[in-house]
Amino acid sequence: MVSFSSSEWRSICEKFRRARNLSEVESRKDPDNDPFRSKYNARELLKEIYSDLKNFDTGENDNDDNDQPGEQHSDPAEPEGEGSCSGHAGDSPAGLRAARLGVIEYYLGVNHVETEELSAGEEHLMNCIKLLDKCSVSQENVSVFIQARNQLGILWAGRDEIDKAQGFLETAESMYVRYMKEDGQPPLDLTDFFVVEEEALSQQERTKRFEMAYTHTLYYLAQVYKNLEQYERAGRYCHSTLQRQLQFNQFVPLEWAINAATLSQYYITKSCYMEGRHCLAAATVIAGLAGDVPSEAAAQENEAESEKREQLCQKRAEISRCWIKYCLNLLQDAKKLLEDNIGELDTDRQAELKRSRQQEEDEKERGRKSAVLFSSSDTFDSICSLEEKVSCAFPLDFEEARGIFLTGQAHVTQAKEYFQMDGHVTDHIEILQDHSALFKALAFFEEDLERRCKMHKRRVDMLEPLCRDLNAQYYLLICRQLQFELAETYYEMMDLKLAIADKQDELDAHSIKKFNHLCTASMKYYQMFLDSTRSPEGKFPEKLEDEVLRPALVAKFRVARLHSRLISASPVVQLENLGNSLSCYNFLVQYCQDHPEARPAVETELELSEEMVSLLPLKINRLKAKLVSSN
């Protein structure tokens, strides 16, 4: 058998080192007009290594230059003397040789993928797998097994062949699990096959790299399950990925923090607020590891400091936005739990939930111990400390709701520092809309009607200037959202003033004026919303688009009610208001007759409108008769 001499083996190892350096370091410096220059040079070196491995084979194949990647031979190309590869003494020669060839096929596959030659990349990666599939999983090849399948998973996912990606990645996962169960020793890393003894990796470094490869497997599987809409599974894999990245110290702080904050939003949609809070607290703490935000002065003087300031401010503002959503959803879910059939606080339900809370909290705490938490992190105590500052339990009264509200409001302030109106219009408005929604949710828990009304007034004060200044031509959807929300806010304030008035013997002139102002303001914004659906010529559509169908018909219904609520001592004005009200009710009824498919969208409003269409004419006629008789 022909085998390598020490100098020949060192030459191969040097080629491998140069190929990796070209691909991973020098390629970053390649010019824009030749972006893959270093990658191509690395490819040539890898081909040379493959040829060298083939030339130094058993006697019958010594001169077979036509061997194709993927073929097996009985003996490895073992180096001799002091330059031998460290740690291979007990390895199977055939398995070791297959692993070496497989490693080169792997790097060639990755090289072709990185140079956008996907079919060639796939071919080399499949050759790698075919080589190794003839061997049992061992310390020699398990890393190559897993990483080749990781790369094929990424490749097929990039082609939107998610099922194929899933197959490769799930096989990689099962290989890791089986290897750790049956062996568990630090396996050879891909670079171990082409280094001289003095450059061999330590056992600790081998373990770290192997675990990193498996962490990547879990990360890619999380993306696959998300694309397959298996969201619970995706969330579980994402959480495991984050846990392992902390455990093995394999993370970039800001990137990890954003991923954790994003995962929190999944937990929130499932009402898993304890897990969501844990992710957000971890995101906040880990983001702090990225360092302090450079001052504006430092950013102006140094481009690197400017980029760091921009990135830190943006990512931390994004985490704050996730905290806002946490607080908002927690308040809104509590509201749904506590409201009666007319949207008011059900005090009996409130008392019942308070009685049962302690038992539920104890059960949750027990469940928490079995949850996937970031317990292996050095920052675990800091995370727990931050968690304690905001509740994850549904608030059952105003004081509890206020604590959650204040946390959300503090994050609104932080988020707005970066997402300012100048440069971040859409983001800034969305944050203000969330701030408004926080006030709305908190108002539900407020028993004092006057104070509740003032909370809604805060909403008006923050949204009205936006609605006035925003150009509807460029921001039509946002303008519609603001118009409808302002209309609803004024409507709620009108209802509150009506409830306050019911407790008084008689309304004074000031109260009447205030009440009428709220009605008029609400009608104005409902009408602005309705007008936004008109054609450029000002014509109202014969058939409403699906996205505006319900809000437009609800707006007509509300305007009808508001017209009838206006207070006036003048019978003539009263008649005019009732006529306008009847006209709006008639519009809704007629629209649903002309478009029966619209009925399910406004079933309740339609039923009330049909009733008012039959009752209002009687009221109008009585008022007319009274007016005639008085004259």
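This is a predicted model: local features need pLDDT of at least 70, side-chain atom pairs count only at pLDDT 80 or more; totals for chains, interfaces and linings use all residues.

Visitor: How many helices and strands does the secondary structure of the chain come to?

Guide: The count is 22 helices and 0 strands. The overall spread can be read next: the radius of gyration is 34 Å, well over the 25 Å that the globule rule gives for 631 residues, so the chain is more spread out than a compact globule. Along the principal axes, the C-alpha atoms fill a box of roughly 125 × 55 × 50 Å.

Visitor: What percentage of the residues in the chain is buried?

Guide: Buried residues account for 47% of the 631. The surface can be read by atom type as well: the chain exposes about 31900 Å², and carbon and sulfur atoms supply 47% of that area.

Visitor: Which share of the contacts joins residues at least 24 apart?

Guide: Taking contacts between residues at least 6 apart in sequence, 70% join residues at least 24 apart.

Visitor: How far apart are the mean positions of the positive and negative charges?

Guide: There are 76 positive and 109 negative charges, and their mean positions are 7 Å apart.

Visitor: Is leucine 125 buried or exposed?

Guide: Relative accessible area decides this, with buried meaning under 20%. Leucine 125 has a value of 0%, so it is buried. The residue is found in helix H4, residues 118-133. Beyond residues up to four places away in sequence, leucine 125 touches Glu105, Tyr106, Gly109, Ala148, Gln151 and Leu152. Threonine 533 is 408 residues from leucine 125 in sequence and 55 Å from it in space, C-alpha to C-alpha.

Visitor: Where does serine 11 lie, and what is its relative accessibility?

Guide: Serine 11 lies in helix H1, residues 6-24. Its relative accessibility is 37%, so serine 11 counts as partly exposed. Serine 11 and isoleucine 49 are separated by 38 residues in sequence and by 9.4 Å in space, C-alpha to C-alpha.

Visitor: What is phi of aspartate 160, and what is phi of glutamate 229?

Guide: For aspartate 160, phi is near 65°, a positive value in a residue other than glycine. This residue lies in the loop between helix H5 (142-158) and helix H6 (162-182), and aspartate 160 is exposed at 65% relative accessible area. For glutamate 229, phi is near 65°, again a positive value in a residue other than glycine. Glutamate 229 sits in the loop between helix H7 (203-227) and helix H8 (231-247), and is exposed with a relative accessible area of 58%.

Visitor: Which residues is lysine 497 in contact with, leaving aside its neighbours within four places in sequence?

Guide: The contacts are Glu450, Cys453, Lys514, Phe515 and Leu518. Lysine 497 belongs to helix H18, residues 476-502. Leucine 518 is 21 residues from lysine 497 in sequence, with 9.0 Å between their C-alpha atoms.

Definitions and conventions:
Residues are numbered from 1 along each chain as its sequence is written. Side-chain values use heavy atoms; hydrogens and water are left out. Helices (H or I, at least four residues) and strands (E, at least two) are DSSP runs, numbered from the N terminus. The radius of gyration is taken over C-alpha atoms; the globule rule is 2.2 Å times the number of residues to the power 0.38. Buried means under 20% relative accessible area, exposed over 50%, partly exposed in between (1.4 Å probe, protein chains only). Contact means heavy atoms within 4.5 Å. Accessible areas come from the Shrake-Rupley method with a 1.4 Å probe; for residues, only the protein chains shown count as cover. Lys and Arg count as positive and Asp and Glu as negative; His and the chain ends are not counted. The place of a charge is taken as NZ of Lys, CZ of Arg, CG of Asp or CD of Glu.
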